[in-house]
Amino acid sequence: MVRAQAMNQPVAREKKARKSIPIWVKGLVLPLFIIVIWQIVSSSGVVSATVLPSPLQIIITFYNLIVSGVLFSHLQISIYRAVVGFLLGASIALVLGFVVGFSKHSESYIDPTMQMLRTIPSLAVTPLFILWFGFDELSKILLIAFASFFPVYVNTYNGIRSVDSKLFEVAQVLEFSKWKQLTRLILPSALSHILVGIRLSIGIAWLSLVVAELMGSSAGIGYMIMDARQFSQTDKVFVGIIIFGVVGKLTDSLVRILEKKLLKWRTNFEGVE
Amino acid sequence: MSVQIQIDEKSFQIEQERKRVLDEVKLTVKKGDFLTIIGPSGCGKSTLLKIVAGLDTEYQGAVHVNDRQVVKPGIAQGFIFQEHRLFPWMTVEQNIAADLSLKDQDVRQKVDEMIEIVRLKGYEKAYPSEISGGMSQRVAIARALIRDPEVLLLDEPFGALDAFTRQHLQDVLIDIWQRKNITMILVTHDIDEAIYLGTDVAILRANPGHIQKLVHVGLSYPRAKTSPSYQQVRQQVLQEFEKTESQRYIDGEGI
Ligand SMILES: Nc1ncnc2c1ncn2[C@@H]1O[C@H](COP(=O)(O)OP(=O)(O)OP(=O)(O)O)[C@@H](O)[C@H]1O
Ligand SMILES: [Mg+2]
């Protein structure tokens, strides 16, 4: 019995080795398949290029937009809006989350209002923002700030509240000063929550950027898409969509890397499991 | 120089009722002594230790450590909880330093020395999730000791560990106690642990918690659990312990 098992093992491992195609390769199979079919359909001329440009054509347009510098200038303004809006919303949220997290008093004054505002979709306040701040930069940045505020606020507040009371007791026994309690207990403990909030917030900031730019602007990736639509430049629309996807994914990965670095103790924990 | 415990009464409000948990608990631990306290589950051992630590101040009576009344928790009364309670985001050495800075030469030296004493060399940079339960508890002990407590209070510190690790840590604890000549009070429900470690063993009776008997263990360290003199003390403690148990049956508490 024992021997049979021992002999079986290498065989099983070999089987596994032969089968183990990396996951990211598996994930590429479907998109590649679709692109190939798409190219064949487009080349055969069944569908007109204004409805569905071929992948090759999109790549050429992409290349041209990069070389001419048009894409870069649009991307620059878009990123500027997203970053400023996010920083504004997230930093106010961080401060308010701390205040409400620390003091029960301010919680009862501030939190109910926040919970109410939180349920309002940012799309619903867009008309109001346009009325108040017009079509220029301010309304866009404020809209993004508004949307990216809530995830950071809620998670910061929760993070501070979820500090283990048993560890608080330890801090008491060890005579931590108020300052050390903050820096060595509350902040590290809340950090994982805060980072989750920041990641959600960046995602939402990016989403709101699209809304803000589609509602009317004279520059930015969103504008580029709207402009291309008017002239039926479908390939350019595709380039815009791809850019939104790629940049969104990139920033998310960036925060993940940051998370791994800052929460080394936790990723190590997951590693053990 | 000693720890003087004088608890006249300690009660908890449970729903509408007031339940008396400790009743006239009077203990004096001389400097450098190692008192172990055993008693059935729920007799108020943890409550007693928390009062001594200053974590619980709602009781009748007073606790003095070296003639200073204990009114709040602090480093003078080092406390080891049943769970290690390390900060998961700090490495072993950071946990030992806790609120102190490792960049401080003095602290650095003390931490290194302490790591040597609790035998954790090579694990300074490990996180709590990467070390075993026994090692974690040693870190917790080091964290308390580096602050030079006047008394070290341990609440079933080895309760969650396997028999081998527990034996090992008991030896480590005796080693530390002898080296540092520190006053210790350890709570346990393990009779052998109480006798193996303590210079004195207090047997606590339940409902309400009260000192049934204080047994002096006049044996030298390290103690051989199989020796006749050890067995003799064990018999004595066991008899007293059984009295507290039968007391529980008479009171209709049972298990
Ligand atoms: N915070 C509390 N509120 C109400 N009752 C409590 C509280 N803490 C403890 N008690 C009660 O006091 C009694 C003694 O509790 P304690 O934790 O001191 O027992 P123990 O001897 O440490 O038990 P164990 O060996 O299980 O740890 C128990 O009956 C418990 O129900
Ligand atoms: Mg207990």
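Analyst: In chain A, Leu30(A), Phe33(A), Ile34(A), Ile37(A), Val41(A) and Val46(A) make a nonpolar surface patch of about 580 Å². Patches are made of residues with over 30% relative accessible area and no salt bridge, like charges being joined within 9 Å and nonpolar side chains (Val, Leu, Ile, Met, Phe, Trp, Tyr) within 5 Å; accessible areas come from the Shrake-Rupley method with a 1.4 Å probe, and for residues only the protein chains shown count as cover. This is a predicted model, in which local features need pLDDT of at least 70 and side-chain atom pairs count only at pLDDT 80 or more, while totals for chains, interfaces and linings use all residues. Residues are numbered from 1 along each chain as its sequence is written, chains are lettered from A and ligands numbered from 1 in the order in which they are written, and side-chain values use heavy atoms, with hydrogens and water left out.

User: Is Val46(A) buried or exposed?

Analyst: Val46(A) is found in the loop between helix H2 (23–44) and helix H3 (55–68) of chain A, where helices (H or I, at least four residues) and strands (E, at least two) are DSSP runs numbered from the N terminus. Buried means under 20% relative accessible area, exposed over 50%, and partly exposed in between (1.4 Å probe, protein chains only). With a relative accessible area of 69%, Val46(A) is exposed.

User: Which element gives the most to the shell around ligand 1?

Analyst: Ligand 1 is surrounded by residues of chain B, including Phe12(B), Lys19(B), Lys45(B), Ser46(B), Thr47(B) and Glu156(B), a residue being near a molecule or strand if one of its heavy atoms lies within 4 Å of it. A polar side-chain atom of Thr47(B) lies 2.5 Å from an oxygen atom of ligand 1, and the elements that give two or more residues to the shell are strand E1 (2–14), strand E2 (17–30) and helix H1 (45–53) of chain B. With 3 residues, the element that gives the most is H1(B).

User: What is the distance between the polar side-chain atom of Ser46(B) and an oxygen atom of ligand 1?

Analyst: A polar contact is a pair of N or O atoms within 3.5 Å; within protein, one must be able to donate a hydrogen and the other to accept it, and residues adjacent in sequence count only if both atoms are side-chain atoms. A polar backbone atom of Cys43(B) is 3.2 Å from an oxygen atom of ligand 1. For the polar side-chain atom of Ser46(B), the distance to an oxygen atom of the ligand is 2.7 Å.

User: How many residues of H1(B) are buried?

Analyst: Among the buried residues of H1(B) are Lys45(B), Thr47(B), Leu48(B) and Ala53(B). The helix is largely enclosed by the rest of the structure, because the number of its 9 residues that are buried is 7.

User: What is the relative accessible area of Glu156(B)?

Analyst: Glu156(B) lies in the loop between E7 and H5 of chain B, and its phi is near 40°, a positive value in a residue other than glycine. Glu156(B) is buried, and its relative accessible area is 12%.

How values were computed
Salt bridge = Lys/Arg side-chain N within 4 Å of Asp/Glu carboxyl O.
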